[in-house]
Amino acid sequence: MLRNPAYRRALVFCGLIGIPVSALAFWFLAALHELERLVWTDWPKDLGWADPPWWWSFPSLALAGTAVAVVAGRFPGGGGHIPAAGMHSGGATKAALPGVILAAVFSLPLGAVLGPEAPLIALGGGLALLFRDLVRAAATPQSNALLGAAGAAAAISAIFGNPLVAAVLLMEVVGVGGPQLFAVMLPALLASGIGSAVFSGFGQWTGFATGSLSVGLPAPPLLDIGDVLWSLLIGLAVGAGVHALVVSGRRTAVFVSGGLLPRTVLCALGAAGCIALYAVSTGRSPSEAALSGQATLAQLAKDPHAWSVGALVAVLAFKGAAYTLCLGSLRGGPVFPALFLGGATGALLAPLPGLGLVPAMAAGMAAAVTSALRLPVSSVVLVVVILGHSGSVPVVVLASVVSFMVTELLPQGPAVPAPGSRGAAQPPVAKPGKSVMPPST
């Protein structure tokens with residue numbers, strides 16, 4: 001392949017395109033972050049509140065629902081993929097860029113329970129094609145797919161903070177390897193997880209060492225047999241629970257397609273109601289049940305004792321319901337809310353006998369994001385990167401594999417209508433497809 005001049009030129013061009021795409025992705029994320037801080041921190045404080053009042057989400061999400069409905073109905077591309085359909089890399093166009101940006105700006109900072117990863121993928125792919133046309137490079141179906149994937153990877157690495165996560169995620173989303181990828185990968189992933197647990201256990205229980213690839217980093221928390229066994233049950237329960245939320249999100253998308261403006265606003269107000277109920281029932285900030293959950297997950301991991309059992313149950317119930325409504329009506333990605341829901345479930349279950357907080361949250365996050373994306377390898381890599389150590393890899397892998405199996409075996413719900421349309425449907429989830437590599441001849 002590297003002997004092919006066309007492929008070498010494409011490789012160099014993808015590297016060059018990564019520079020402006022990643023820079024623009026950075027400023028896009030920075031703008032979203034500043035808008036979120038303005039709406040949920042600065043404005044309430046300017047009005048005399050330490051935290052947003054319980055009703056704060058109603059006007060913001062009413063505006064979000066109205067704006068997204070207008071964008072979805074009038075802009076090319078419908079504002080990007082509906083998040084209930086999963087992660088996609090194809091279909092990015094230059095014409096869709098304004099709608100993608102507007103829909104994300106009016107969804108994410110105003111309280112949608114969604115993450116920025118899906119708009120970033122569409123933004124990166126569209127920008128790559130825009131720069132290709134600016135330099136008047138040749139346009140072919142193969143180059144469109146290759147540049148779209150490269151641009152998406154450059155943009156998505158900005159939010160995950162790691163190029164490995166972006167590369168693995170795009171490999172699974174695009175479907176490199178074809179339909180046989182999952183058939184080969186799943187048993188290999190399961191066997192590696194079990195093997196890692198066995199080796200960790202024997203080394204810990206017997207005191208003997210076999211040697212490993214280590215550079216002397218601080219030792220992570222040690223796993224025991226309880227952590228491993230509980231991870232299987234967490235994978236089962238969390239995988240089934242998040243899958244039920246995603247299927248409900250697909251039903252929400254079908255409902256919204258029957259009347260774009262009024263039903264989008266209705267679903268956005270329903271999500272606002274869930275957020276308000278959480279604030280009223282717990283006395284805590286409504287921002288914990290709104291937004292992507294990225295900042296709240298970090299707070300939970302840092303100080304889990306600040307959350308009572310009732311608060312954890314409430315945030316799972318109300319944020320989960322708001323997540324379902326946002327998946328089918330607004331614009332964003334499914335990853336970060338799923339990570340939070342999985343992490344919160346792990347924190348809730350951590351007091352179980354033989355289960356530690358770190359492995360419980362690790363298993364919960366892996367199971368949740370695997371169920372939401374149906375991309376087990378990407379989910380494992382993402383959670384391991386988030387954890388910052390490899391000590392919990394066995395429970396992450398086992399929970400991910402169990403969650404993936406449960407999700408695949410359960411009913412998948414209806415197909416998600418294409419953005420802004422009433423007839424055609426987009427694929428419900430990312431599936432392996434054709435290779436995006438240019439031909440070798």
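At what angle do helix H8 and helix H15 pack, and how far apart are their axes?

## Packing of H8 and H15

In this predicted model, in which local features need pLDDT of at least 70, side-chain atom pairs count only at pLDDT 80 or more, and totals for chains, interfaces and linings use all residues, helix H8 (residues 225-257) packs against helix H15 (residues 393-409) at an angle of about 35 degrees, and their axes lie 8 Å apart. Residues are numbered from 1 along each chain as its sequence is written, and side-chain values use heavy atoms, with hydrogens and water left out. Helices are DSSP runs of H or I with at least four residues, numbered from the N terminus; their axes are lines fitted to C-alpha atoms over the stretch in contact, with angles running from 0 to 180 degrees between N-to-C directions.

The crossing of H8 past H15 is right-handed, a term used if the near helix is turned clockwise from the far one by less than a right angle. On the H8 side the contact (heavy atoms within 4.5 Å) includes Asp227, Leu232, Gly235, Gly239 and His243, while on the H15 side Val395, Leu398, Ala399 and Val402 are among the residues involved. By class, nine residues of this contact are nonpolar, six are polar and one is charged, where Ala, Val, Leu, Ile, Met, Phe, Trp, Tyr, Cys and Pro count as nonpolar, Asp, Glu, Lys and Arg as charged, and the others, Gly among them, as polar.

## Salt bridges

Side chains of opposite charge can pair when their charged atoms come close. With a salt bridge defined as a side-chain nitrogen of Lys or Arg within 4 Å of a carboxyl oxygen of Asp or Glu, the count comes to four.

Glu34 and Arg37 meet at 2.5 Å, N to O, and, being three residues apart in helix H1 (residues 5-46), they are separated by about one helical turn. Arg37 also forms a salt bridge with Asp42, in which the closest N and O atoms are 3.3 Å apart. Glu34 is partly exposed at 40% relative accessibility, as are Arg37 at 35% and Asp42 at 23%.

How values were computed: Helix = DSSP H or I, 4+ residues; strand = E, 2+ residues; numbered from the N terminus. Buried < 20%, exposed > 50% of the residue type's maximum accessible area, 1.4 Å probe, protein only.
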